[in-house]
Amino acid sequence: MRSLNELLEEINLEARNGVVDCGLKHWIYYSVYNNKDGEYVHENVLKKYNNVVPPCLKIGDREGLLEVIGEYLEIAESFYDELDYDRVEDIDKYTIATVLSNMMVDDFSKPIEFFKKRIGFLQDETLKKFKKCRDIGYSKEFDANIEVELIKEAIFMETPYALSISIVKYNDDGRKLSYPLPLLRFAICEDKAYFYAIQKDQDIDLPDDEEYISFSKKIRRKMYSIGKGLSENERVNTSIENINEVSPWAVIALTITLGLLKSLGIKDVLAFPLLINRYNSNIIYSFEELNVLKDKKDEIYKEIKEHLLFIAENIDNIQENITDKFIRTFRRVAYHFHGIEMNDFPVIVGLPLEMSVKGHDNCNNPLLEEMFNLGLCYNSEEKQKEVG
């Protein structure tokens, strides 16, 4: 049986080639800066890819890193389920590889701190009351209620849990109508919330009958009132800092969540616009798979190759759109709430956006003010209501 040190060496060697093989391939790419007998040695990548700059994993205290990785493995493998390891040949290797996918560039220089933070994500119970779906209150603006649920995520996702928020209403016959907002993938460690994604849940299959469609249209129309309070200059701004081009449902979901976090004592928020290995993996994956399929002439491979070519040719535009929209969502919320302070977003891959939710006074948008307050006021035992 391999030691943790041997396992780490194997992962580092394979990552220098761009793929870590755990039975399932994990596309990870970085070089290594190793402390060997007090002298650092750079072990460069062994395979080169166009338009990819590999981060460098700095290992200063190897024993300390191995200790925290061992602790992470013990906690993570008791947290995740058997299905998370379906078709995985080496569970320890896969568990480490999945978490390495979530490193920012800056994390590679502080891997011990990074693994400690991920352990904190797994152990945090700030939102444990929402493991049962809960109704947090009635919205006059939507004429509907807001439900919140904490959902356990698969091991390959950015965070252990995602927050699911829905706008719901019961008709006269008792039928539940529901409009799901995007999932918020964030985690908490040491009284800070770390946001990685705000995304629609692609697995939700909603009814398409007239009543459901009518309810959804009504909710969507109301969502566009987040435009109140936005200055004319911001409406026509097309620069990188523009906050007009946002998804209203994402802004609303984030606003509710910030209110909930504030009610639970979490006011410091960090948003991570780009996880370098997830970006690199798309480039490497498309390159490697196209290389495998280049001589395949069968019609069955045509659609696959077209998809891979699209990824290869458009990855920068796709990533830029995702990153800009994610950051604009936070900037937009901060714009409407004078009590929310935010750093000037650094246009550097390795740094997060930082936000401090100090208060919510003087909000210039009635809908967002109500959404924040619904989250903020949900922190007393008498208001807790489970759904279902």
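At what angle do H7 and H9 pack, and how far apart are their axes? The angle is about 60° and the axes are 9 Å apart. This is a predicted model, in which local features need pLDDT of at least 70 and side-chain atom pairs count only at pLDDT 80 or more, while totals for chains, interfaces and linings use all residues. Residues are numbered from 1 along each chain as its sequence is written, and side-chain values use heavy atoms, with hydrogens and water left out.

**Helix packing**

- Two packed helices are described by the angle between their axes and the distance between the axes.
- Axes here are lines fitted to C-alpha atoms, for helices over the stretch in contact, and angles run from 0 to 180 degrees between N-to-C directions.
- Helices (H or I, at least four residues) and strands (E, at least two) are DSSP runs, numbered from the N terminus.
- H7 passes H9 in a right-handed crossing; a crossing is right-handed if the near helix is turned clockwise from the far one by less than a right angle, and left-handed if anticlockwise.
- On the H7 side, Ala-250, Val-251, Leu-254, Thr-255 and Leu-258 meet Thr-329, Phe-330, Arg-332 and Val-333 of H9, where contact means heavy atoms within 4.5 Å.
- The residues of this contact of H7 with H9 are six nonpolar, two polar and one charged; Ala, Val, Leu, Ile, Met, Phe, Trp, Tyr, Cys and Pro count as nonpolar, Asp, Glu, Lys and Arg as charged, and the others, Gly among them, as polar.
- Helix H8 (residues 276-293) packs on helix H9 (residues 302-336) at an angle of about 155°, with the axes 9 Å apart.
- H8 and H9 are therefore roughly antiparallel to each other, a term for angles over 145 degrees.
- The crossing of H8 past H9 is left-handed.
- The contact includes Tyr-279, Asn-282 and Ile-283 of H8 and Ile-304, Lys-305 and Leu-308 of H9.
- By class, the contact of H8 with H9 has 11 nonpolar, three polar and three charged residues.

**Nonpolar cores**

- A nonpolar core is a set of buried Ala, Val, Leu, Ile, Met, Phe, Trp, Tyr and Cys residues joined through side-chain atoms within 4.5 Å.
- Buried means under 20% relative accessible area, exposed over 50%, and partly exposed in between (1.4 Å probe, protein chains only).
- The largest nonpolar core has 103 residues, of which Phe-115, Leu-181, Phe-195, Ile-252 and Phe-330 touch the most other members.
- Helix H7 (residues 248-263) gives the largest share of this core, 10 residues.
- Another core, of nine residues, lies apart from it and includes Met-104, Phe-121, Cys-189 and Tyr-196.
- Not counting residues up to four places away in sequence, Phe-195 touches residues including Leu-184, Leu-254, Phe-326 and Phe-330.

- Asn-280 lies in helix H8 and counts as buried at 1% relative accessibility.
- Apart from neighbours within four places in sequence, Asn-280 is in contact with Tyr-29, Val-52, Val-53 and Pro-55.
- Tyr-301 is in the loop between H8 and H9 and is partly exposed, at 23% relative accessibility.
- With neighbours within four places again left aside, Tyr-301 is in contact with Leu-293 and Lys-296.

**Positive phi in loops**

- Asp-143, in the loop between strand E6 (134-139) and strand E7 (144-152), has a positive phi near 55°.
- Asp-143 is partly exposed, with a relative accessible area of 28%.
- Glu-190, in the loop between strand E10 (183-189) and strand E11 (192-199), has a positive phi of about 50° although it is not a glycine.
- Glu-190 counts as exposed, at 72% relative accessibility.

Key:
Parallel < 35°, antiparallel > 145°, perpendicular 65-115°, else oblique.
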